Amino acid sequence: ESGLRRCPAEGSRWVALMSRYQGNVQAACAKIEANFGTGGGQLAELIRLYRIGSDDGKRLCLCTSFSASRDSLSPDVLHQISLFRAMVIEWMANAFENGRNDNSISGVTDPELEASATMSLMEGGQLAARAEENPVLFDNAIKLLMMRISA
């Protein structure tokens with residue numbers, strides 16, 4: 001136990017905040033799909049949005065921020081985080097599948113594993129960039145993946 005108290009009212013606000021955040025990210029993903037015709041282009045754009053969202057290493061995405069302090073979160077908030085991550089990973093798995101089919105992402109053997117690894121790269125990249133307020137650390141975390149995209 002972290003020693004931090006959980007406040008039920010705060011937990012319900014955080015659930016609502018995560019839910020709203022998930023809706024915003026889903027809308028952004030739908031917009032990406034509408035505007036980018038290849039799986040590689042879609043994936044590259046989502047990664048770009050995560051990069052922009054870190055505000056040059058000064059901020060974290062809400063899910064990453066909450067995950068870093070999970071010991072102080074209620075089970076309902078943790079569940080909302082899981083739903084958010086599953087949604088993004090599923091979306092990225094589709095982008096990897098499309099990228100494999102349209103040859104815009106090289107070397108894709110398992111879209112689901114690729115998506116899960118990419119989520120970890122993006123979250124870890126944001127944390128590293130935030131720790132030093134250095135966006136290059138995010139760029140370095142995803143550089144090898146970006147080199148595989150020919151969108």
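The structure is a predicted model, in which local features need a pLDDT of at least 70 and side-chain atom pairs count only at pLDDT 80 or more, while totals for chains, interfaces and linings use all residues. Residues are numbered from 1 along each chain as its sequence is written, and side-chain values use heavy atoms, with hydrogens and water left out.

The protein chain holds six helices and zero strands; helices are DSSP runs of H or I with at least four residues, strands are E runs of at least two, and both are numbered from the N terminus. Of its 151 residues, 38% count as buried. The accessible surface amounts to about 8,200 Å², and carbon and sulfur atoms contribute 52% of that area; the areas come from the Shrake-Rupley method with a 1.4 Å probe, and for residues only the protein chains shown count as cover. Among contacts in the chain with a separation of 6 or more, 72% join residues 24 or more positions apart, a contact being heavy atoms within 4.5 Å.

Confidence is expressed as pLDDT, the predictor's confidence in each residue on a scale from 0 to 100. The chain has a mean pLDDT of 87, and 86% of its residues reach 70 or more. Confidence is lowest in helix 3 (residues 62-68), with a mean of 71, and highest in helix 6 (residues 136-147), at 95. Over residues 1-7 the pLDDT is below 50, and this stretch has eight contacts in the model beyond near neighbours in sequence.

Ser120 belongs to helix 5. Not counting residues up to four places away in sequence, Ser120 touches Arg85 and Gly125. Its C-alpha lies 10.0 Å from that of Ile142, which is 22 residues away in sequence. Thr118 also lies in helix 5 (residues 111-132), but this residue is buried, because its relative accessible area is 2%. Leaving aside neighbours within four places in sequence, Thr118 is in contact with Leu43, Ile47, Met92, Phe96 and Leu145.

Leu43 and Ile47 are among the buried residues of helix 2, which also include Ala44, Leu46 and Tyr50. Helix 2 (residues 39-53) has 15 residues and reaches 21 Å from its first C-alpha to its last, close to the 21 Å expected; the expected span is 1.5 Å times one less than the number of residues. Just after helix 2, Asp55 takes a positive phi of about 50°.

Asp110 counts as partly exposed because its relative accessibility is 27%. The side chain of Asp110 reaches the backbone nitrogen of Glu112 at 3.1 Å, and a polar atom of that side chain also lies 3.1 Å from the backbone nitrogen of Leu113.

Finally, the model contains one aromatic pair. Rings of Phe, Tyr and Trp (its six-membered ring) pair if their centres lie within 6.5 Å; planes under 30 degrees apart count as stacked, over 60 as edge-to-face and the rest as tilted. The rings of Tyr21 and Phe84 have centres 5.2 Å apart and planes at 35°, so the pair is tilted. The pair links Tyr21 in helix 1 (residues 8-35) with Phe84 in helix 4 (residues 75-101), 63 residues apart. Tyr21 is partly exposed at 21% relative accessibility, whereas Phe84 is buried at 0%.

How values were computed: Buried means under 20% relative accessible area, exposed over 50%, partly exposed in between (1.4 Å probe, protein chains only). A polar contact is a pair of N or O atoms within 3.5 Å; within protein, one must be able to donate a hydrogen and the other to accept it, and residues adjacent in sequence count only if both atoms are side-chain atoms.
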